[in-house]
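Here is a friendly look at how charged and aromatic side chains pair up in this structure. Have the sequence and the model to hand as you read.

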Amino acid sequence: QVQLAESGGGLVQAGGSLRLSCAASGNIDRINTMAWYRQAPGKQREVVAVFHSGDVTTYKDSVKGRFFISRDNAKNTVDLQMNNLKPEDTAVYYCNADSGSYYHGDYMAYWGQGTQVTVSS
C-alpha cells in the first residue's frame, strides 16, 4: 500500500502562485507514475500534470507554461508549482500514484485526500 498526503492549497488572487506538495509513504519502491489531478464543482476529475518514468512530464493543455511538476525520489515527494493562476483553476487538487501493471494484473492506483485551491478574480 501507498499513502499520499497533499499540502499547500489555499486562496490566491488571479495571477498569483501556489505550490502543492505530495508526500508518499508505504511501499514507495513500487511507485511508477505520479501525477496531479483536479476536480472542480460539478465536473469530472481531470489530469493536470504527470511525472512519468524516465523523468518525462506531460501537462493538460490549459496549464502548459504555467504549471510545473517535479519529483524528488530521495524525499518521496511530487510537487506542483502553479503560476499565473486563473479563476478556472479553482478546484480540489489530488495527488495520484500508481504501481504495478495491467499486463501483470497487479495495477494499483492511489489517491491523496485532496487540497482546495481557490483563485479569486
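## Salt bridges

Across the whole structure, a search turns up seven salt bridges, each being a side-chain nitrogen of Lys or Arg within 4 Å of a carboxyl oxygen of Asp or Glu. This is a predicted model, where local features need pLDDT of at least 70 and side-chain atom pairs count only at pLDDT 80 or more, while totals for chains, interfaces and linings use all residues. Residues are numbered from 1 along each chain as its sequence is written, and side-chain values use heavy atoms, with hydrogens and water left out.

One of the bridges joins R38 to E46, with 2.8 Å between the closest N and O atoms. R38 is buried at 5% relative accessible area, whereas E46 is partly exposed at 27% (buried means under 20% relative accessible area, exposed over 50%, partly exposed in between, with a 1.4 Å probe and protein chains only). Another bridge pairs K64 with D61, the closest N and O atoms being 3.0 Å apart; here D61 is exposed, at 62% relative accessibility.

## A bridge between loops, and a network

D89 and R66 also form a salt bridge, with their closest N and O atoms 2.8 Å apart. D89 sits in the loop between β8 (77-82) and β9 (91-99), and R66 in the loop between β6 (57-59) and β7 (67-72), so the pair ties together parts that are 23 residues apart in sequence. Strands here are DSSP runs (E, at least two residues), numbered from the N terminus. D89 is buried, with a relative accessible area of 1%, and R66 is buried too, at 7%.

What do these bridges build? R38, E46, K60, R66 and D89 are linked in a network of salt bridges.

## Aromatic pairs

The search of the whole structure finds two aromatic pairs (rings of Phe, Tyr and Trp, the last by its six-membered ring, with centres within 6.5 Å; planes under 30 degrees apart count as stacked, over 60 as edge-to-face and the rest as tilted). Y37 and W111 make an edge-to-face pair, 4.8 Å centre to centre with 70 degrees between the planes. Y37 belongs to strand β4 (residues 31-39) and W111 to strand β10 (residues 108-111), so their pairing ties together parts that are 74 residues apart in sequence. Y37 is partly exposed at 23% relative accessibility, as is W111 at 37%.

Y102 and Y107 have ring centres 4.3 Å apart and planes at 15 degrees, so this pair is stacked. Y102 is exposed at 67% relative accessible area, while Y107 is partly exposed at 28%.

Terms used
Helices (H or I, at least four residues) and strands (E, at least two) are DSSP runs, numbered from the N terminus.
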